[in-house]
Amino acid sequence: MSADHTMRLMDFLDKGVTASHAAAEAVAMLEEKGFKRYSERKGWVLPTGAAGYVVRDDSSVIAFRMGRRSPADTGFRIVGAHTDVPGLRVKPFGAYKKEGYKLLGVEIYGGPILASWMDRDLTLAGRAFIKSSDGSAPQTRLFNFEKPLCRIPQVAIHLNRSVNDDGLKLNKQTHLPPLCGIDDGAPFEMDGIRERIAVLLDCEPGDIVDFRLEVVDTQKAALCGFDGDFYSSGRIDNLGGSFTSLQAFLTASETPEETQVLALFDSEEIGSATLNGAASNFLDSILERLSGNRENFLRALAGSLMISNDGAHAVHPNYAELHEPKHKPVLNGGPVLKMNSNERYITQSAGAPYFINLCAQHNVPLQRIVVRSDLPCGSTIGPIISSRLGVMGADIGLPMLSMHSIRETGGVKDAELMIKALAAHFG
Ligand code: ZN
């Protein structure tokens with residue numbers, strides 16, 4: 001059973017190469033279960049049991065299942081996670097040549113461990129904006145070249161003798177551009193890449209108004225360990241959270257008392273202040289519409305419970321001193337409750353005790369983490385949503401190693417335990 005969930009998670013990790021790809025995969029899973037697409041532009045009719053989803057800007061998805069009772073009377077049961085991942089993104093006119101090579105200038109998105117991007121078989125994926133015939137906004141289409149297209153080679157140790165003692169130091173402008181070919185004398189411009197995207201999408205290059213290119217790893221997720229205790233993949237933070245939240249949502253009661261809401265946001269890794277990030281009005285506006293009117297909405301918020309599901313640091317045996325004593329989550333030990341008295345994670349409200357109780361009732365082991373006092377603490381969409389909407393909640397996550405590496409590690413038993421706890425929350 002746990003292996004089954006993990007295999008499906010690994011498939012989701014492989015498909016979700018960008019936030020938009022992850023959102024598209026989430027939409028496919030929702031539609032397979034009969035969820036209907038709702039447009040923010042249209043009026044909504046929401047009978048009891050209505051099951052729908054809304055996509056904003058291709059990369060954030062909010063899904064809902066209307067409960068038997070009014071949200072004003074019961075509050076919402078919400079789970080939130082994020083679809084975006086730290087990485088490298090190609091600059092608008094990024095193609096250039098140097099020293100006989102073709103290269104791509106890249107920007108850094110969020111906080112990746114840059115050294116982990118060296119010497120890997122990388123490809124390109126992203127979104128293309130296709131011209132509409134009637135002059136309306138261009139349509140988005142997703143693409144993924146899949147095959148290895150570029151690499152960022154490390155310099156040989158003979159030319160950097162101190163690398164093992166001093167660590168790999170990378171200049172963000174000059175050392176990161178991936179090499180994607182040998183200069184053959186022909187021009188190397190973004191238009192050539194546009195033509196290749198057009199072939200993938202079976203359209204004319206001239207139909208592509210613009211496109212966004214992300215550099216992504218080609219290696220698929222894999223089980224690891226003598227007994228298959230781990231899995232390794234890119235994007236576990238936070239497609240692990242997105243998948244387990246989604247899976248819990250899909251397996252929860254189809255006739256719940258409370259209205260269930262699943263919120264998968266883009267932009268967490270850059271602070272959430274975007275059109276469709278957790279700091280936008282996306283969740284508020286959907287919840288207000290589900291509530292019927294403003295007063296019902298405010299009543300519903302006051303009675304709601306939100307679980308923010310984002311990766312947590314498992315203890316690393318070679319660096320165990322980086323964890324606070326007695327707060328050392330392990331892989332395959334179950335979900336991790338994240339606490340911080342400065343509210344980088346939701347800590348003060350009754351949301352955390354609610355989740356502790358929920359796990360106890362459903363026999364899900366729960367681990368806890370608090371950061372060492374001499375280390376800075378990360379944060380999540382939890383405090384952003386909780387503070388803006390006045391919703392009680394808890395920050396939890398799957399234990400993992402190497403967070404923000406191009407290749408992270410998780411435990412094969414944790415997805416099932418997380419899904420069990422979150423499904424219980426949804427009711
Ligand atoms: Zn995260």
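Predicted model: local features only at pLDDT ≥ 70, side-chain atom pairs only at ≥ 80, totals over all residues.
Biologist: What makes Ala-26 buried or exposed?

Modeller: Buried means under 20% relative accessible area, exposed over 50%, and partly exposed in between, with a 1.4 Å probe and protein chains only. Ala-26 has a relative accessible area of 0% and is therefore buried. Ala-26 lies in helix α2, residues 19–32; helices (H or I, at least four residues) and strands (E, at least two) are DSSP runs, numbered from the N terminus.

Biologist: With which residues is Ala-26 in contact, leaving aside its neighbours within four places in sequence?

Modeller: Contact means heavy atoms within 4.5 Å. By that rule Ala-26 is in contact with Phe-12, Leu-246 and Leu-264. The C-alpha atoms of Ala-26 and Phe-12 are separated by 8.6 Å, although the two residues are 14 residues apart along the chain.

Biologist: Why is Asn-340 called buried?

Modeller: Asn-340 has a relative accessible area of 8%, and the limit for buried is under 20%. Asn-340 is placed in the loop between β16 (336–338) and α9 (351–361). Beyond its neighbours within four places in sequence, Asn-340 is in contact with Tyr-345, Thr-347 and Cys-377.

Biologist: What makes β4 and β13 a pair?

Modeller: Two strands pair if DSSP finds at least two bridges between them. β4 and β13 (residues 259–265) have 7 bridges and run in the parallel sense, with Phe-76 opposite Thr-259. Strand β14 (residues 305–309) also runs parallel to β4, joined by 4 bridges, and there Ile-78 stands opposite Met-306.

Biologist: Which protein atoms are donors of the zinc ion, and why is their arrangement called irregular?

Modeller: Donors are N, O and S atoms within 2.8 Å of the metal (3.2 Å for Na, K and Ca); water is not among the atoms, so sites may look incomplete. His-82 (NE2), Asp-237 (OD), Asp-310 (OD) and Asp-310 (OD) lie 2.0 to 2.7 Å from the zinc ion. Four donors count as tetrahedral if all angles lie between 85 and 135 degrees; four count as square planar and six as octahedral if opposite donors are over 155 degrees apart and all others between 65 and 115; anything else is irregular. The angles around the zinc ion are 51 to 138 degrees, and the arrangement is therefore irregular.

Biologist: What makes α7 largely enclosed by the rest of the structure?

Modeller: 8 of the 10 residues of α7 are buried, and α7 is therefore largely enclosed. Among these buried residues are Phe-282, Leu-283 and Leu-290.

Conventions. Residues numbered from 1 in each chain as written. Heavy atoms only, no water.
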